[in-house]
Structure formats: structure tokens, C-alpha cells
Amino acid sequence: MAMLLVPGFMLDADLWRDVVPELAEYGPATYADLSQDSSIAAMARRALSEAPPEFVLVGFSMGGYVAREIVRQAGDRVTALVLIATSARGDSNVELQRKAAIAGHTGGAVFRGLSRAAVASSLHPAMQNGPTSSRAS
């Protein structure tokens with residue numbers, strides 16, 4: 001049984017490094033690359049173009065959204081679906097509007113990483129300017 005493993009946002013095939021050896025007895029693994037496209041539908045199309053004819057589909061986090069789109073596009077090729085740490089619920093109108101606004105500002109550009117300010121905004125205030133000498137060694 002071949003597997004298609006779909007990572008989450010800002011992740012790649014390395015996400016699966018520790019589990020693939022355990023899954024190897026069940027069949028080969030193929031990895032979806034989400035870094036090349038700017039829409040869920042395009043990510044799904046690319047993953048399908050590189051996937052085996054039939055496969056077990058595993059989606060993690062944002063990869064779960066891509067996995068659901070893969071099922072929508074080619075459900076006859078998917079023998080089983082595993083969703084991990086993702087949502088099976090559709091976006092609300094507010095979420096759709098927010099995503100449309102974000103997409104409109106990017107000009108369809110492919111994600112290339114977060115800015116220093118974006119990363120800092122997700123850190124504890126004491127760490128937003130990087131490690132300090134006041135931190136215990």
C-alpha cells in the first residue's frame with residue numbers, strides 16, 4: 001500500500017522522518033511538496049501529479065486541507081484518508097474573507113518564509129529581541 005504524506009504549513013518531508021521507517025513494511029512513501037504553489041487546489045494538483053496511482057493519504061495540519069482537496073479532485077485514487085491535527089470543518093464566511101484579503105495582498109506569490117517581525121510577534125515579550133544575557137546559562 002503506497003502512502004502520500006502531506007506536511008503542514010512551513011513543513012516538508014522531514015516532518016515524517018521518524019515515522020516512515022515504522023511505516024516502511026506497509027509500502028513506499030511519497031511526500032507532497034507544498035512550497036511550490038499558492039493555493040490549496042494547486043498544491044493538491046501537484047501532489048497528485050507526483051503520487052502513485054492509488055495510495056493511503058495522510059495529511060498533517062494544513063496538509064489536512066490539501067488532503068481533503070486531493071480527495072475532492074481524485075477520490076478514486078485514495079484508498080484511505082488519515083487526518084492529523086487538522087480541521088474537517090469548512091471555513092466560516094469571516095475566515096473566507098480574511099483569506100481572500102490576504103491572498104489579494106500577496107499577488108499570488110508563493111510563500112517564502114516569515115519576516116523577523118512576524119516571528120518575533122509570536123514569541124514571549126522577553127524573547128522578541130533574541131536571547132539576552134539575563135537568561136540563565
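User: Leaving aside its neighbours within four places in sequence, which residues is serine 87 in contact with?
Analyst: Tyr65 and Arg68. Contact means heavy atoms within 4.5 Å. This is a predicted model, where local features need pLDDT of at least 70, side-chain atom pairs count only at pLDDT 80 or more, and totals for chains, interfaces and linings use all residues. Residues are numbered from 1 along each chain as its sequence is written, and side-chain values use heavy atoms, with hydrogens and water left out.

User: Where is serine 87 placed?
Analyst: In the loop between β4 and α4 (93-106). Helices (H or I, at least four residues) and strands (E, at least two) are DSSP runs, numbered from the N terminus.

User: Is serine 87 buried or exposed?
Analyst: Serine 87 is buried, at a relative accessible area of 18%. Buried means under 20% relative accessible area, exposed is over 50%, and partly exposed is in between (1.4 Å probe, protein chains only).

User: Switching to the sheet. What is the strand order?
Analyst: β2-β1-β3-β4, in an open sheet of four strands with parallel pairing. Two strands pair if DSSP finds at least two bridges between them. The edges are β2 (29-31) and β4 (78-84), each pairing on one side only. On average, neighbouring strands are turned by 20° against each other, direction ignored. Axes are lines fitted to C-alpha atoms, for helices over the stretch in contact, and angles run from 0 to 180 degrees between N-to-C directions.

User: How many bridges join β1 and β3?
Analyst: Four, in the parallel sense, between residues 3-6 and residues 55-60. Leucine 5 stands opposite valine 58 in β3.

User: Which helix lies across β1, β3 and β4?
Analyst: Helix α3, residues 62-74. Its direction is about 145° to β3.

User: Now the core. Which residues touch the most other members of the largest nonpolar core?
Analyst: Leu4, Val6, Leu34, Phe55, Leu57, Val66 and Ile70, out of 18 residues. A nonpolar core is a set of buried Ala, Val, Leu, Ile, Met, Phe, Trp, Tyr and Cys residues joined through side-chain atoms within 4.5 Å.

User: Which element gives the most to this core?
Analyst: α3, with five residues. β1, α2 (40-50), β3 and α3 each supply at least two. Apart from this core lies another, of six residues, among them Trp16, Val20, Val56 and Val58.

User: What does leucine 4 contact, leaving aside its neighbours within four places in sequence?
Analyst: Its contacts include Tyr31, Ala47, Phe55, Leu57 and Ile70.

User: On to charges. How many salt bridges are there?
Analyst: Four. A salt bridge is a side-chain nitrogen of Lys or Arg within 4 Å of a carboxyl oxygen of Asp or Glu.

User: Which residue forms a salt bridge with aspartate 37?
Analyst: Arginine 46, with the closest N and O atoms 2.6 Å apart. Aspartate 37 counts as buried because its relative accessibility is 14%. Arginine 46 is partly exposed, at 28%.

User: And how are arginine 72 and glutamate 69 placed in helix α3?
Analyst: They lie three residues apart, about one turn of the helix. Their side chains meet in a salt bridge at 2.7 Å, N to O. Arginine 72 counts as exposed because its relative accessibility is 62%. Glutamate 69 is buried, with a relative accessible area of 12%.

User: Which residues are linked in a network of salt bridges?
Analyst: Asp14, Arg17 and Asp18. In the pair of arginine 17 and aspartate 18, the N to O distance is 3.7 Å. Both of these residues, arginine 17 and aspartate 18, are exposed.
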